[in-house]
Amino acid sequence: MKKGIINIILIVLTLTNVILTAIVVFSVVPAMKQVSSLVGKVASAIDLQKGVAQDSGAVSVSDLTNYTLEDKITVNLASGADGKTHYAQVQVTLVLNTKSDDYSAYKSAISSKEENIKAIVIDLLSTYTVDNVVEEKSSIEDELLTLLRAYFDNTTFIYDVQFSGFTVS
């Protein structure tokens, strides 16, 4: 008799386990697929906001050339929590896509517009405090890339912006 009751209890527990597993499969798994899809969409939106080149695919390194602005730029940074005056000095290098349709049209314009480019850099950097400018260097480069592309009629011949000799005091 005891073996019969134990067998019945085991059968009931097994059936309960199968039913609960089916409930999990049919309710949780579709929800997880929706969450995974949402995470994928958010990740792609972040890549778009980050300023990733929106050309038709990746650009070969051999198709890129650097243009470094002649002088280092010294910028008076925004006042920080300490109330002291801080400065940033930066050398700006533009990475240009030589295969872009607009490259030949704008390449010569860069040297003649160098003072305007410096003004854009100064306007952007002067909004940051000494703490922010160090912490957010890459996001500042991305923001500068967006501003320079807008200045040159939303062209993508400027592939990237890089800061070298970046010092703050």
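Which residue just after H5 takes a positive phi? Asp 153 does, at about 60 degrees. This is a predicted model: local features need pLDDT of at least 70, side-chain atom pairs count only at pLDDT 80 or more, and totals for chains, interfaces and linings use all residues. Residues are numbered from 1 along each chain as its sequence is written, and side-chain values use heavy atoms, with hydrogens and water left out.

**Fold and overall dimensions**

- The protein has five helices and four strands. Both are DSSP runs, numbered from the N terminus: helices are H or I with at least four residues, strands are E with at least two.
- The order from the N terminus is α-β-β-β-α-α-α-α-β.
- The radius of gyration is 28 Å, whereas a compact globule of 169 residues would have one near 15 Å. The radius is taken over C-alpha atoms, and the globule rule is 2.2 Å times the number of residues to the power 0.38.
- The C-alpha trace spans about 100 × 50 × 25 Å along its principal axes.

**Surface, burial and charge**

- Accessible surface comes to about 11000 Å², with 59% belonging to carbon and sulfur atoms. The areas come from the Shrake-Rupley method with a 1.4 Å probe; for residues, only the protein chains shown count as cover.
- Of the 169 residues, 28% are buried. Buried means under 20% relative accessible area, exposed over 50%, partly exposed in between (1.4 Å probe, protein chains only).
- Take contacts between residues at least 6 apart in sequence: 70% of them join residues at least 24 apart. A contact means heavy atoms within 4.5 Å.
- There are 13 positive and 19 negative charges, and their mean positions lie 16 Å apart. Lys and Arg count as positive, Asp and Glu as negative; His and the chain ends are not counted. Each charge is placed at NZ of Lys, CZ of Arg, CG of Asp or CD of Glu.

**Helix H5**

- H5 covers residues 137-151, and its end C-alpha atoms are 21 Å apart; this agrees with the 21 Å that its 15 residues should span at 1.5 Å a residue. The expected span is 1.5 Å times one less than the number of residues.
- Its buried residues are Ile 140, Glu 141, Leu 144, Leu 145, Leu 148 and Arg 149.
- Those residues pack against strands E3 (87-97) and E4 (158-168), and against helices H3 (114-125) and H4 (130-135).

**Selected residues**

- Lys 118 is found in helix H3. Lys 118 counts as buried because its relative accessibility is 10%. Leaving aside residues up to four places away in sequence, Lys 118 touches Leu 69, Asp 71 and Ile 73.
- Lys 41 lies in helix H1 and counts as exposed, at 56% relative accessibility. Its C-alpha is 38 Å from that of Leu 69, 28 residues apart along the chain.
- Ser 62 sits in the loop between helix H1 (2-49) and strand E1 (64-68). Ser 62 is exposed, with a relative accessible area of 63%. Ser 62 and Ser 44 are 18 residues apart in sequence and 27 Å apart in space, C-alpha to C-alpha.
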